[in-house]
Amino acid sequence: MNAATGLTARPAWRALQQHFTTLRATHLRDLFAADPRRGERFTAEGAGWYLDYSKNRIDQETRRLLVALARECGVEERREAMWRGERINVTEHRPVLHVALRAPRAAKIVVDGTDVVAEVHAVLERMGAFAERVRGGAWTGHTGRRIRNVVNIGIGGSDLGPQMAYEALRRYSARELRFRFVSNVDGTDFCEAVQDLDPAETLFVVCSKTFTTLETLANARAARTWLLAALGDTDAVRRHFVAVSTNASEVAKFGIDPDNMFGFWDWVGGRYSLDSAIGLSTMLAVGPEPFREFLAGFHAMDEHFRSAPFERNLPVLLALLTVWYVNFFDATSIAILPYDQYLQRFPAYLQQLTMESNGKQVTRDGARVGYATGPVYFGEPGTNGQHSFYQLLHQGTSLVPCDFIGFCRSLNPLGDQHDLLMANLFAQSEALAFGKTESEVRAEGVPERLVPHRCFDGNRPSNVLLADALTPQTLGALVALYEHSVFVQGCIWDVNSFDQWGVELGKQLAARIAPELTTTAPLAHDSSTNALIARYRRRRLPAGTLATQ
């Protein structure tokens with residue numbers, strides 16, 4: 001079977017194509033009318049999360065065929081290979097073992113003769129001891145003053161993960177500590193983050209596996225300069241910087257005590273690293289015990305993914321629905337709509353997890369795919385998004401499947417506002433599914449000329465994910481749910497979900513262009529890039545000069 005056409009030649013795929021021709025014109029109104037218990041039949045539950053996927057353009061035969069496709073694509077075998085520590089990241093010849101980061105102490109996962117679970121818990125213990133010292137005031141800055149500010153410096157998964165988790169768990173965080181996150185190489189990001197901070201009370205957590213990441217090291221050097229300008233003594237670096245890295249020599253060269261380096265492993269991908277030492281700033285915010293509850297939530301979803309039948313398996317169902325819409329309905333984007341302000345950074349976090357993982361154009365064997373792969377993910381918290389892009393969701397010409405995420409209990413009950421919030425979530429899902437017909441609009445007395453403008457086609461699919469409350473455990477389970485959904489999608493599309501070569505070319509060209517911006521040397525790019533660099537050279541200001549016009 002040719003790798004590029006293997007998926008579309010599978011019996012389940014061909015059966016789905018035939019099935020799609022019979023179902024594509026069926027409206028959700030008809031599906032619900034035909035089965036009064038549909039809203040109960042198309043549900044699943046696991047690890048504290050309840051999934052209602054009844055408002056999708058599927059029937060029981062669709063589900064059966066999609067599950068058959070997952071099995072034909074070897075999802076079960078690939079899942080177990082991941083747990084065994086096999087090198088399923090084929091282009092980098094690495095295991096993929098983020099599941100080991102949240103495995104209980106008694107578990108055992110051996111890679112190259114080493115029990116990695118024991119190593120994970122050794123790092124967790126060091127993180128916990130350090131977090132307790134900072135939170136309790138025993139760890140002080142160079143002048144003996146207590147640490148009151150923590151600045152996480154990273155990029156990609158080393159920023160998006162910790163920042164999302166901090167915002168999501170802010171209700172549980174130590175309010176006497178302030179947390180900032182710096183990732184952009186744009187100097188504005190760093191300058192604004194430290195604008196109102198006292199260097200004597202500030203701790204920097206520098207997150208870089210290799211300790212060579214361009215943006216992270218640029219910001220770390222800026223932080224070092226900022227600190228020393230105030231404190232004067234290079235020894236201060238040892239009390240105000242810690243590292244999350246694997247490169248002890250570069251960490252020491254920077255001035256950070258290697259004893260204050262928290263390691264992780266090459267089998268931890270950046271976008272899967274939140275529950276490794278990359279989560280140190282999260283642990284500093286909420287404390288070691290809530291962080292362990294966070295890991296327990298991940299593990300609970302891991303166990304659900306590994307044990308639940310595909311027909312009731314939350315990550316598998318979400319993945320199969322994504323494949324259904326991307327490959328059969330030609331959907332190119334998916335909206336992530338959390339109805340909880342604490343999850344304001346969750347869509348941004350998922351953008352990297354999903355699009356860096358499955359935005360691929362070749363199979364694991366290197367053959368060009370002959371079908372669509374990863375869609376664009378986007379979103380905003382409800383109800384903000386309703387006043388932004390929901391117009392397109394309801395009446396636009398593009399089909400955008402939606403995931404609504406909500407909680408039965410608010411962490412900040414304020415009058416009836418949580419009821420109003422959740423009423424909006426349920427209403428939006430209902431409106432997308434069923435719309436409003438011309439006859440219904442006319443029955444409201446709408447003038448005829450406005451009838452076309454007031455109609456909603458409906459038949460727009462959505463999932464609703466509900467948990468009782470946003471806790472460290474439910475957050476961990478939610479992240480793991482999408483991690484495993486991405487994994488299943490990658491198995492079906494036969495892509496390597498664990499490399500990211502697509503980010504390299506731009507970085508390589510940037511490294512070439514950067515020194516050219518401050519010289520008059522001849523340029524050898526295309527005519528557009530040459531003209532842009534030339535204009536920048538003429539108009540750039542000397543370093544440190546404030547632009548006033």
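This is a predicted model: local features need pLDDT of at least 70, side-chain atom pairs count only at pLDDT 80 or more; totals for chains, interfaces and linings use all residues.
Helices here are DSSP runs of at least four residues and strands are runs of at least two, both numbered from the N terminus.

**The largest cavity**
- Fifteen is the count to keep in mind for the lining: of those 15 residues, Leu318, Thr322, Ile334, Asp403 and Asn463 sit closest to the cavity centre.
- Helix H14 (314-328), strand E12 (402-407), strand E13 (462-467) and helix H20 (472-493) each give two or more residues to this lining.
- Sorted by class, the lining has eight nonpolar, six polar and one charged residues.

**A cis peptide bond**
- Going from Gly382 to Thr383, the peptide bond is cis, and its omega is near 10°.
- You'll find Thr383 in the loop that runs between strand E11 (376-378) and helix H16 (390-395).

**Positive phi outside glycine**
- His93 isn't a glycine, yet its phi is positive, at about 50°.
- Look for His93 in the loop between helix H5 (75-83) and strand E3 (110-111).
- His93 counts as exposed because its relative accessible area is 55%, and the cut-off for exposed is over 50%.
- Asp494 is another non-glycine residue with a positive phi, this one near 60°.
- Asp494 belongs to the loop between H20 and helix H21 (504-513).
- Its relative accessibility is 17%, so Asp494 counts as buried, given that buried means under 20%.

Technical notes: Residues are numbered from 1 along each chain as its sequence is written. Side-chain values use heavy atoms; hydrogens and water are left out. On a 1 Å grid over the protein atoms alone, a cavity is a set of points where a 1.4 Å probe fits but cannot get out, and a pocket is an open set with protein on both sides within 12 Å along at least five of seven lines; lining residues have an atom within 4 Å of a point. Ala, Val, Leu, Ile, Met, Phe, Trp, Tyr, Cys and Pro count as nonpolar, Asp, Glu, Lys and Arg as charged, and the others, Gly among them, as polar. Buried means under 20% relative accessible area, exposed over 50%, partly exposed in between (1.4 Å probe, protein chains only).
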